[in-house]
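Please open the model in a viewer and display the whole chain as a cartoon. The stops below proceed from the overall fold to one helix and then to a pocket.

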Amino acid sequence: MPPLLETRNLKKYFPVRKGFLMRTVAALRAVDGVSLSVDRGKTLGIVGESGCGKSTLGRTIIRLSEPSAGDIFFDSERFNDVRGLELRQQRRRMQMIFQDPFSSLNPRHTVLAIVREPLDVHNVGRASERQDRVAELLGKVGIKAGHLNRYPHEFSGGQRQRISIARAIALNPDLVVADEPVSALDVSIQAQILNLLLDLQTDLGLTYVFISHDLAVVEHFCNEIMVMYLGRIVERAPRERLFADPRHPYTQALLDAIPIPGRGKRRQRRVLQGDLPSPVAPPKGCAFHTRCPFKKDICSRETPVLKAVGDDREHQTACWLYE
């Protein structure tokens, strides 16, 4: 079957304006030529440091931010060209779970109004049936139906994120983009939310794009992982292969940073030197060469292409070390 979601050379640039006339003098390259695909019922994880462009990529995929260039295909149809009523209909099939459960819910609305809003906007069912649908959705995510008339400030962070999830699945979407949905929660609550998302994927056949900076969470949750650095994908592989054999120096450094549980246990760490370069003026060649301990002369001149190394066609790396 064709993938549910596919992007080809997707780019999202933000103009940098200066001066009295606010003329555009440069472009911030938040997403710089990303190609990906996600099969139905699977989970693609996107990881990287803060500022690498992964959240912008998630918002661009579902066109909360319009792409600057490239193609988006949803269910084998080009999504860039969809406008007006057709776009509104497609919105029912893709939803987003935001990172902060405190700011993503309207503090002046009750839980009933928050979860019912997508049903009202898309005129799903009769008005008298929508409250029952909201109660059903809250039951799926572990919120009591008796809390329908409470406000967001009356719930904990984990409960608020459950309410956000109920709102996201209200229209029975095919695709859910989860933008760091557990990063603001305690570790014990993180596990509950991740298990909830896995159960919903099984029950409803959901497809996830899961954005996170926590590789331990991604290892538990995703089928395939893409590592992003300064707007570009530097490595892509199935979960087991990425953790067993990380190939890009940036991926290796990220995995080295994961703490090992157990008293006295340590690993040899490769600590990255320097800061993330500016996406307004990225380095020439490989964007990672300014921090890479294995850089060669070609790294500062030419940009490596993401491609398979050896016989494993599913494990792709953008690095001159394997040329």
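Of the contacts (heavy atoms within 4.5 Å) in the protein chain between residues at least 6 apart in sequence, 63% join residues at least 24 apart. This is a predicted model, in which local features need pLDDT of at least 70 and side-chain atom pairs count only at pLDDT 80 or more, while totals for chains, interfaces and linings use all residues. Residues are numbered from 1 along each chain as its sequence is written, and side-chain values use heavy atoms, without hydrogens and water.

Colour next by secondary structure: the protein chain holds 9 helices and 12 strands, taken as DSSP runs (helices H or I, at least four residues; strands E, at least two) numbered from the N terminus.

Select helix α9, residues 249-256. Here 8 of 8 residues are buried, that is, under 20% relative accessible area with a 1.4 Å probe, protein chains only. Among them are Tyr250, Leu254 and Asp256.

Now select Met94, Gln95, Met96, Phe98 and Arg167. Of the 15 residues that line the largest pocket, these lie nearest its centre. A pocket is an open set of points on a 1 Å grid where a 1.4 Å probe fits, with protein on both sides within 12 Å along at least five of seven lines; lining residues have an atom within 4 Å of a point. Elements giving two or more residues to this lining are β6 (94-97), α3 (111-121) and α5 (157-168).

Terms used. Buried < 20%, exposed > 50% of the residue type's maximum accessible area, 1.4 Å probe, protein only.
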